[in-house]
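Please keep the sequence and the model at hand while reading.

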Amino acid sequence: MLATTTVLASTQGWWTHPWLIYLIRRSAYFIASLVLLVTLSFLLVQLIPGDPARVSAGEMASPEVVEARRVELGLDRPLIIQYLSFWRGLFTADLGVSYNSRLPVIDVILARAPATLELALAAVALVLVIAVPLGLAFGALTRGERRRGVEAGFTAVSAILAVIPEFLAGVLLVYAFAVSSQLLPVAGRSGLSSYILPVIALSLGPSAALTRIVRAETLTVLEQGYIRTARSKRMGPIRLYGRHVLPNLLTSTFTIGGLLLGGMIAGTVLVENVFAWPGLGTTIVDSIQDKDYPLVQAIIIFYGAVVLLINLVVDVLLILLDPRTALDKS
Amino acid sequence: MMKTRERFLTVLGSPLGILAAIACAALLFLALLAPAIWGEAAADIDTMQISKGPSPEHVFGTDGSGRDILLRTLVATRLSVVMALMATGIGVVGGVLIGLLPLIVGGRFGRWIVVGINIGVAFPGLLLAIAFSVILGQSGAAATTAIALAMVPNYGRFTHNLAASVWGRDFIAAAEVLGVPTWKTAFRHVLPNVRDPLLVNAAITAGGALVSFAGLSFLGLGIQVPEYDWGRMLNEGLTRIFVTPAAALVPGVAIILAGLTFVLLGEVLGKALTPTTRRDVKSRFRRHMPSGEASGASGPIDTDAVLSVRNLRVAAPGDKGWGSLVHGVSFDVARGEIVGIVGESGSGKSLTLTSVAGLLDSPLSVAADSAQFDGQPLTLKTGTHASSLNHHLGQGLAMIFQDPMSSLNPALSVGSQVAEPGVLHLGMSRSVARSAAIERLESVRISDAERRYGQYPHEYSGGMRQRAMIATGLMGKPALILADEPTTALDVTVQAEILSLLRRINREDGTAIVLVSHDIAVVTSLCSRVLVMYGGRIVENIGSEELKAGHAKHPYTKALLATVPTMQTDRDRPMASIPEGADFSDTSRTPG
């Protein structure tokens, strides 16, 4: 069946190509998820028990202040009008004004997002740089049931590291490198050295988890017939692992890596609060506690959209890496 | 297979099980009793001992209000663990319900629920929990609910996947025929069948909930003052980490230990509830009685032969020491000769071939008195041959395997795999290797080789893949092709094509071939000489013509030959077969 796909595509035109069909379906799914995300974020304020205007203005506020807040939130208008203007706001980048700072929400997001994204991207890069070679190496070392001791040690250490949540890793790192030895800055974002601890805190758990997966996948790949074929050609280990094993690991590595990356976006919220990192994670926690709803809604949409976008990019990357996965899916 | 109860006891007796039991008991004890025992002492404010380091009264020192850090950490166990368990309980029940719902309601609506679950799964749990805490406010109860709600999509998808796999089975259809309502089927028939993995997953989920709860409290979105859990303590401790590090570190360690306890619990439950699937090396191979003397050819190695092997042994590790799989096989292959090795599966014929090629890997162990290939001595041992022989073997020795579906790398184009020996061993540049590979592909009758070069294995048919494998072997003008059941996985017509291709290569290039097969008809049609293997040794070494003429000496060979139908076979009688469990081993020492 697979051998005929090229033929099919050439006779029926490019628009029936399975890749394209998959891409369209996947994009439709992305847009549907995005609509759902925006709708739920909109409903967030509506669902607050009691009177959201009262909650937002505070228990002690006078009725006039509460009414003013209600108008500001737009809660005095019919629900459907509120919903439509919420969408219009998104398309015109007019997301309202933060109560706290009185700054436009869009400005707060644009000012804070880079710090968060830098943190997440640096951590992902570190996870991949650590997990893929390390998983491959441990897979190679423990293949065919050799080095049982190394295997047991690896399993135990990686299990413990995978359990340590990012905020705890952050606290432990602060203690070790900023309090005890004062080698690195304890908090804030100033200069390259201030990135080291937050990035490590964020990537420690995911690195351990991904290394385990890469090792397990390496062991599976090493049992395959094509590896025996490759070995029958008498090549060095670099060529064997780099050319014949590695490409077959990428599909599962990227699938899991995408999931981990989504989790790491969430993890930035915690890590930022450990290191007083001036990103969206510290902002969202402050704004939840201050009942600064326009800002909260906008940040939740931002986080959600980033996660959905990551999933989309990973899925498209997977088709490029391995056309068969896409064909199986559609 | 062991019963669940027995497996439970076995697992509990293992070091991991004991550790898990102790950890769970300690956590349970602290969660139940710590507040009653130390609750008051932990709240005791000692104004003389504010932010002090470790001392006899305060093992880990005191926090910013002069309270004992250790006691507060112990007392905080209850809130931290109970909230996590409550969240898990709600989340698991919700997840199971929402996971079963698509199956119960079925149809279009059911599919929409699945889509909803999948969209929910896309968002990380912590983000969902933070979003829910916007609605629910900031308190312990709100954080618990938020974490429980955030858990629902993930657990729902897990339940749905498990339940959907059970849903297709016969007894579900039977229940439907009997008129059992769908919801009843789901709860009475499906749920018990997926209970075990759900339980294991619940234990791991509880660990995640504990960490998430601590996370929310750490952010100030969970437990509020004056109550405290580990996350809250960490929050307060972090601001004073320069003064009293223990105020942050002790609750931090508590979170890790509690998290590990749930991981251990999940591990133990998993081991106890799922039947053992540990792959056993020795069960993969049939073991034979240890041997005395070598079988097959005798005397010193034949230096004129392209391949000569003396006393080759293969063993596998087992519970009771090493078990012998191939014991003392010796044989020669003359230049340009086609030799067949036949025998039933497990007779050691493939092991013999793979160990000669140096492809037998740990945990199997290989040894031989002496061996020689194409004028070069081979040290037969576990793992591959010495790398100094790489070029010699890479040019001169080609291998073809049984399953052409798996013997080509799916991630690389077929052409680049065919060309690889040229780059590796013949000093060809990439482009020279490419045109050489295209030439070889043409010589094995792959049409349109230029285009086919760039295609991937999944675009090739089974017969074409096997041809591509042969083309790969032909890159270096091999002196010997080792073919391990090269036609077994192929259609009969394709089989004949591959065999005639091998015959042509032998005739035109004078390449020697060793053909391993369980099919004596295939072997006699191609080979001039046949080695019959039984029980890990060569029991007969006989010319093809003699074999066909019925001059076989060994009873196993005769039995094997009798199974092949000929034009004269009486078609009214059942097909001849070697009786199940028949043992020819007491006669196997007869020299071949």
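Which residues are buried in α10(A)? They are Y226(A), I227(A), R228(A), T229(A), A230(A) and S232(A). The model in which they are found is predicted, and it scores ipTM 0.86 and pTM 0.83.

**Helix α10 of chain A**

- Helix α10(A) is mostly covered, with 6 of its 8 residues buried.
- The partners of these buried residues come from both chains: they pack against α9 (193–222) and α11 of chain A, together with β8 of chain B.
- Just after α10(A), the residue R234(A) adopts a positive phi of about 60°.

**Chain A as a whole**

- Chain A contains 14 helices and 0 strands.
- In its 330 residues, 39% count as buried.
- The C-alpha atoms of chain A fill a box of roughly 85 × 65 × 35 Å, taken along the principal axes.
- Among the contacts in chain A with a separation of 6 or more, 72% are accounted for by residues 24 or more positions apart.

**The two domains of chain A**

- The domain assignment divides chain A into domain 1 (26–91) and domain 2 (105–329).
- The C-alpha centres of domain 1 and domain 2 of chain A lie 34 Å apart.
- Contact between them involves 12 residues of domain 1 of chain A and 10 residues of domain 2 of chain A.
- On the side of domain 1 of chain A that touches domain 2 of chain A, α2 (18–46) and α3 (52–57) of chain A each supply at least two residues.
- Helix α2(A) gives the most to that side of domain 1, with 9 residues.
- By class, the residues of this side of domain 1 divide into 8 nonpolar, 3 polar and 1 charged.

**Where chain A meets chain B**

- Between the chains, 56 residues of chain A are in contact with 57 residues of chain B.
- The elements of chain A that give two or more residues to the side touching chain B are α2, α7 (148–163), α8 (166–180), α10 (225–232), α11 (237–274), α12 (280–289) and α13 (293–321).
- Helix α11(A) provides the largest share of the side of chain A that touches chain B, namely 11 residues.
- That side of chain A has 35 nonpolar, 14 polar and 7 charged residues.

**The sheet of chain B**

- Chain B has an open sheet of 6 strands in the order β8-β9-β10-β4-β11-β12, with mixed pairing.
- The edge strands are β8 and β12 (537–543) of chain B, each of which pairs on one side only.
- From one strand to the next, the twist averages 15°.
- As a general point, strands of a sheet pair through backbone hydrogen bonds, either parallel or antiparallel.
- Strand β8 (residues 397–400) of chain B has L397(B) and M399(B) pointing one way and A398(B) and I400(B) the other way, and all are buried.
- The pairing of β8(B) with strand β9 (residues 480–484) of chain B is parallel and runs over 4 bridges.
- Within this pair of strands, L397(B) stands opposite L480(B) in β9(B), and I400(B) stands opposite A483(B) in β9(B).

**Residue V532 of chain B**

- V532(B) has its place in strand β11 (residues 529–534) of chain B.
- V532(B) counts as buried because 27 other C-beta atoms lie within 10 Å, where 20 or more are required.
- Leaving aside neighbours within four places in sequence, V532(B) is in contact with V342(B), G343(B), I538(B), V539(B), E540(B), H554(B), Y556(B) and T557(B).
- The C-alpha atom of V532(B) is separated by 71 Å from that of G231(B), a residue 301 residues apart along the chain.

**Confidence in chain B**

- The pLDDT of chain B averages 84, and 90% of the residues score at least 70.
- Over residues 277–283 of chain B, pLDDT stays under 50, and the model has 8 contacts beyond four places in sequence for this stretch.
- Residues 587–592 of chain B also have pLDDT below 50, with 15 contacts in the model beyond near neighbours in sequence.
- Where pLDDT is low, the predicted coordinates should not be read in detail.

Notes: Residues numbered from 1 in each chain as written. Chains lettered and ligands numbered in written order. Predicted model: local features only at pLDDT ≥ 70, side-chain atom pairs only at ≥ 80, totals over all residues. Buried ≥ 20, exposed ≤ 12 C-beta atoms within 10 Å, placed from the backbone. Contact = placed C-beta atoms within 7 Å. Domains from an automatic or database assignment. Nonpolar A, V, L, I, M, F, W, Y, C, P; charged D, E, K, R; others polar. Pairing = 2+ DSSP bridges. Axes fitted to C-alpha atoms, helices over the stretch in contact; angles between N-to-C directions. pLDDT = per-residue confidence, 0-100.
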